[in-house]
Amino acid sequence: MSDNKKVQVNWDQLKWNSVPVSDALDDFGGFYGLEEIDGVDVNIVNGQAQLFTTDKHIKNENDTEDSEKLTADPFEQDEKSNDEDVNPYGEDELIEFKNMDEMSEGELSSADDSDNEFGDEFDEEEKLILGDKPQTETEKKDELAANVFNADLNLEDVISSSELPEWEKIGNLSMTVLQGLSKLGFVKPTEIQAKTIPLGLEGHDIMGKASTGSGKTLAYGIPILEKLVESQNTKNKDPIGLIFTPTRELAQQVSQHLQKITELILHEKNKYAILSLTGGLSIQKQERLLKYDGSGKIIIATPGRFLELIEKNSDLLERFCKIDTLVLDEADRLLQDGHFDEFEKIIKLLRSHRKKTKSQYWQTMIFSATFSIDLFNKLGSVTRQKKKNEKEDELQLVLKHLMTKIHFRSKPIIIDTNPESKISSQIKEALIECAPLERDLFVYYFITMYPGTTLVFCNAIESVKKLNAYLNQLKINTYQIHSPMTQKNRLKNLEKFKEKASFNSKINKATVLIASDVAARGLDIPQIEHVIHYHLPRTADVYIHRSGRTARASNEGVAVVLCSPQESVGPLRKLRKLLASDDVKVKSKGKKMKWQKTISLLPIESDILAQLKDRSTLASELADNEIATNSLHKDDNWLAKAAEDLGIDVDSDDENKDVYLAKNKTKKMNKTISKDQAKFDRMKLNELLTIPLRKDRRQKYLTGGLVNLADHLVKKRGHNGIIGHEKTDALSTLKNKKRKK
Ligand SMILES: Nc1ncnc2c1ncn2[C@@H]1O[C@H](COP(=O)(O)OP(=O)(O)OP(=O)(O)O)[C@@H](O)[C@H]1O
């Protein structure tokens, strides 16, 4: 090769020279140092920088030590200062709320079994608060290189303005935000984003309604992030935004989502600028994080924990009363009775202190997929009849009601992007009619037939535990989350579920998350293909939010309701009535549509179902036994411990004298089986699980019969778990059914 011929190289093959950094650049987040190089051509291809240079600029082996020092040093310094950041936290433990119900969580869930994997609790909690950071040395170096590069090349060049024209149309967004959007692959705003971001940027109060999964987080998030970018430049230290969510998981998720967009400016330098503050995690640790310079500019919190913090620490109250923007995500839920008290106290406290500083009110944005009062009525009770004039302006009416609860700066602008339908149009709904005791079997059937990523919602925590144990017996990867679990376990199971789901989806294997309604709102797990309502929810808003965990962003998904024939004519009928909007009801030439028919029955293949029955019965018996045995064991330990603490002796009769304890014990005892029986059942079940399922119980020849199995095998058209069955998925089954009709 001639000396002058240019070849393509990687950044780390070049002989970089360090350049002294001026103080003026000190505030540029993510900037580790400046290095320069001559004689290198940079071409941008598909948004990626490609480097071309001649031999003399490529380092040889002798240069390695020096140049590595050059690129690695800044990072090592950062690592060091990072360590200093870490040390002050000490060995605080996460707060654990223990009661009898929680103590055995770990024993029942497959995910919980590995609790001890979380060796360093601080690190893990930090990870949860801060989101994922690069782990390996190579990842760290790559990230460093990316940052050095961006600074060197000028950000404007890296994503040219023509790359995101749709975003630029809606407002003057900063390069940081555009870069973040580009990195996430969000090439254009969703409808709710396009309509609300310009208004949000102008400082209007907003009431935003849009379907589940339609991108509401960034609709309110981008105007706030823009203020954060601006404050980085002006060095304004006042907090910017306060975002409330009804659940802890949602708060974590929102903060991670916002962090991802602004990674470029927050990276390392101001990594605590966006913080989530929720219950279940150490309050002392959160207080310490808030002491960092520039931390907590945007807070995402659950009301309970935030109130606790500002009541406990008057400095924090003084600080947060200066916010510019207040957001209520899932506002209808936050403002429901029972949740509102804490929120009302927060507003009062912030306002009473604010008078001394800024103008009396901040910008308020409230968002949800459901703002209708009717949706909150219990499905078992009589629906409030709408008066004629209420029909037109239901949102106005709701707003009027909300204005009695929260003070807006000015009358909020209402943006409603799904006025017609209440459930996202990308969700295909289906019904399975079954007897109450057959629910487990039908969940198993569904998962066997459509082995995707599935989220099952139950109304009772006992059902979550039972279904989890049942599916475990059937060797299905399951995880559970429900409110009595420790926060640490909830977050951990959620992470494990996501990880497993992304692995299993590549090999067409089922992954199941079983949850109480703590997971019904806001959670965004893009892989979820199916939602199963194990029980019919108690109110229509819960149905909408539960179902909305599938079909996120532009994806489609399936929501299946398990329902007894009695429920079908009662609560389900009422649910359908509430979900059918007024416009839909009068659509076909003034005639009312038959709303009951908008949910179709999921086709059930009885020969497959029949093959699952024996396994299901054994798994159910073993799951009941496991739960009852654990629970009895726990009760015994609890009683012994209580007696020891009180310094008294207990004999077994004491327990039987208490009617409630005795009844409870008998109920549990009835569900246990002998150890030998359990061993035998387990063996039998394992044996059954090795027998392949067959369509039409087909046994013999590969090429005979109606379906050519050899053809299936060769063309990979066959179902993974059922011999002789075509590959299928729930979404196309339902779509085909409709087409055939
Ligand atoms: N402009 C965009 N382009 C593509 N994807 C987007 C865009 N904006 C957001 N998303 C993605 O869409 C998904 C849903 O977004 P988000 O969680 O904000 O929805 P939501 O409307 O708040 O839903 P819910 O009502 O269920 O809380 C997320 O995975 C998010 O990353």
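Q: Which residues have the most contacts inside the largest nonpolar core?
A: A nonpolar core is a set of buried Ala, Val, Leu, Ile, Met, Phe, Trp, Tyr and Cys residues joined through side-chain atoms within 4.5 Å, where buried means under 20% relative accessible area, exposed over 50% and partly exposed in between, with a 1.4 Å probe and protein chains only. In this predicted model, local features need pLDDT of at least 70 and side-chain atom pairs count only at pLDDT 80 or more, whereas totals for chains, interfaces and linings use all residues. Residues are numbered from 1 along each chain as its sequence is written, and side-chain values use heavy atoms, with hydrogens and water left out. The largest core has 45 residues, and those with the most contacts inside it are Val 443, Leu 467 and Leu 471. At least two residues of this core come from each of strand 13, helix 20, helix 21, strand 16, strand 18, helix 27, helix 30 (675-690) and helix 32 (730-740); helices (H or I, at least four residues) and strands (E, at least two) are DSSP runs, numbered from the N terminus. A second, separate core of 39 residues includes Tyr 272, Leu 307, Leu 335 and Leu 402.

Q: Which residues does Val 443 touch?
A: Contact means heavy atoms within 4.5 Å. Leaving aside residues up to four places away in sequence, Val 443 touches Val 456, Leu 467, Leu 471, Ile 532, Tyr 534 and Leu 562. Val 443 is also one of the buried residues of helix 20, a helix that is mostly covered, with 11 of its 11 residues buried.

Q: What is the strand order of the open sheet of seven strands?
A: Two strands pair if DSSP finds at least two bridges between them. Here the order is 15-16-14-17-18-13-19, with parallel pairing. Strand 15 (477-481) and strand 19 (600-601) stand at the edges with a single partner strand each, so one side of each is left without a neighbour in the sheet. Strand 14 (residues 453-457) and strand 17 (residues 530-533) run parallel and are joined by four bridges, and Phe 457 stands opposite His 533 in strand 17.

Q: Which strands do helix 20 and helix 21 touch as they pack on the sheet?
A: Directions are compared through axes, which are lines fitted to C-alpha atoms, for helices over the stretch in contact, with angles running from 0 to 180 degrees between N-to-C directions. Helix 20 (residues 439-449) touches strand 13 (427-433), strand 14, strand 16 (511-515), strand 17 and strand 18 (557-563), and its direction makes about 160 degrees with that of strand 18. Helix 21 (residues 461-473) touches strand 14, strand 15 and strand 16, and its direction makes about 165 degrees with that of strand 15.

Q: Is strand 10 enclosed or open, and which residues lie on its faces?
A: In a regular strand the side chains alternate between the two faces of the sheet. Five of the five residues of strand 10 (residues 325-329) are buried, so strand 10 is largely enclosed by the rest of the structure. Thr 325, Val 327 and Asp 329 lie on one side, with Leu 326 and Leu 328 on the other, and both faces are covered. Strand 10 runs parallel to strand 7 (residues 241-244), to which four bridges join it, and Ile 243 stands opposite Val 327. Five bridges join strand 10 to strand 11 (residues 363-368), also in a parallel run, where Phe 367 is the bridge partner of Asp 329.

Q: Is Arg 615 buried or exposed, and which backbone oxygens does its side chain reach?
A: A polar contact is a pair of N or O atoms within 3.5 Å; within protein, one must be able to donate a hydrogen and the other to accept it, and residues adjacent in sequence count only if both atoms are side-chain atoms. Arg 615, in helix 27 (residues 606-646), counts as buried at 7% relative accessibility. Its side chain reaches the backbone oxygen of Leu 688 at 3.2 Å, and a polar atom of that side chain lies 2.9 Å from the backbone oxygen of Ile 691.

Q: How many disulfides does the structure hold?
A: A disulfide is a covalent bond between the sulfur atoms of two cysteines, assigned here to a pair of cysteine sulfur atoms within 2.5 Å. The structure holds zero disulfides. The sulfur of Cys 458 is 12 Å from the closest cysteine sulfur, in Cys 434, too far for a bond.
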